[in-house]
Amino acid sequence: MYSSTPLLPAQSPQNHGRPTLILDLDNTLMSVRKGYTSPPLQAPSEFSFLGTGDNWWTAIKRPGIDDFLHEMATLYEIVVFTSGAPRYATNAVSHLDKSGCIAHTLCNVDCDEYFDPKEGKYVRVKDLTRLRRDLSRVVAVDDDPLYYSTCPLNAIGISYFTGDSSDQELEKLTPLLRSLAQEEDIPLALLKRRKELKEAQGHEGIKL
Ligand SMILES: [Mg+2]
């Protein structure tokens, strides 16, 4: 099913003219443990939140996320785009982003689905063409870049975060995103740098 309704409003005055950084939620910014019927105990790097219904989840924040969001918010308009449900997404983001770095949150109802004859099933897509943004100034980071099959040149893959406290992928990704924020054509810049990035030490988690 395809809808042509734009997913985002016009950029706020604060973000006007900035490129847009799309961030996935689960296993990109945090890792969740299964739902509970009551709020579970949590460590300092964790938080608990209500998902759909009465299910509580415990999330582990990806190391470096606070510094990452603060710096990226000076360069980009930040949008979280998850295939999770609206309340799950909103509640998780409210814990991850205490400083208001994230401008918008998109969720499962904002995804599109199309029938993939190869897979023999419907596949969910995060269609960046529906953002109402100039795609030459959009970059998406996701542990599953296949969500961006309609705009593959805008997507950067990051390794799947499972809660490892020594994970450094957000820190490693920062120089690339810092550089891309200055580009007039982000997909073209990513295309040119693909080979270089694959070979560069310190970018093992980036799968372009
Ligand atoms: Mg994910």
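Student: What makes strand 1 and strand 9 count as paired?

Tutor: Strand 1 and strand 9 share 4 bridges and run in the parallel sense. Pairing needs at least two bridges, so these strands qualify with 4. For a place to look, take T20: its bridge partner in strand 9 is V138. Do keep in mind that this is a predicted model.

Student: How do you know that strand 9 pairs with strand 10?

Tutor: The test is again at least two bridges, and strand 9 has 3 to strand 10 (residues 155-157), so the two count as paired, in the parallel sense. Here V141 has I156 of strand 10 as its bridge partner.

Student: Why is strand 9 called largely enclosed?

Tutor: Because 5 of the 5 residues of strand 9 are buried, the rest of the structure largely encloses this strand. A buried residue has 20 or more other C-beta atoms within 10 Å of its own. The burial holds in both directions: V138, A140 and D142 point one way, V139 and V141 the other, and all are buried.

Student: What is the reason for such an alternating arrangement in a strand?

Tutor: In a regular strand, side chains alternate between the two faces of the sheet.

Student: Where does strand 5 stand on burial?

Tutor: Strand 5 (residues 77-81) is mostly covered, with 5 of its 5 residues buried. E77, V79 and F81 point one way and I78 and V80 the other, and all are buried.

Student: Which strands pair with strand 5, then?

Tutor: Strand 1 is one, running parallel to strand 5 with 4 bridges between them; L23 has V80 of strand 5 as its bridge partner. Strand 6 (residues 102-106) is another, also parallel over 4 bridges, and there I78 stands opposite I102.

Student: What makes the unit of strand 5, helix 2 and strand 6 right-handed or left-handed?

Tutor: Strand 5, helix 2 (residues 86-96) and strand 6 make a right-handed β-α-β unit. The label means that, with the strands pointing away from you, the path from the first strand over the helix to the second runs clockwise.

Student: How do you know whether the chain fits a compact globule?

Tutor: A compact globule of 208 residues would have a radius of gyration near 17 Å; the chain has 17 Å, so the two agree. The C-alpha trace spans about 50 × 40 × 40 Å along its principal axes.

Student: How confident is the predictor in this chain, and where does pLDDT stay under 50?

Tutor: The mean pLDDT is 90, and 92% of the residues reach 70 or more. Over residues 201-206, pLDDT stays under 50.

Key:
Residues are numbered from 1 along each chain as its sequence is written. This is a predicted model: local features need pLDDT of at least 70, side-chain atom pairs count only at pLDDT 80 or more; totals for chains, interfaces and linings use all residues. pLDDT is the predictor's confidence in each residue, from 0 to 100. Two residues are in contact if their C-beta atoms, placed from the backbone, lie within 7 Å. A residue is buried if 20 or more other C-beta atoms lie within 10 Å of its own, exposed if 12 or fewer, and partly exposed in between; C-beta atoms are placed from the backbone. The radius of gyration is taken over C-alpha atoms; the globule rule is 2.2 Å times the number of residues to the power 0.38.
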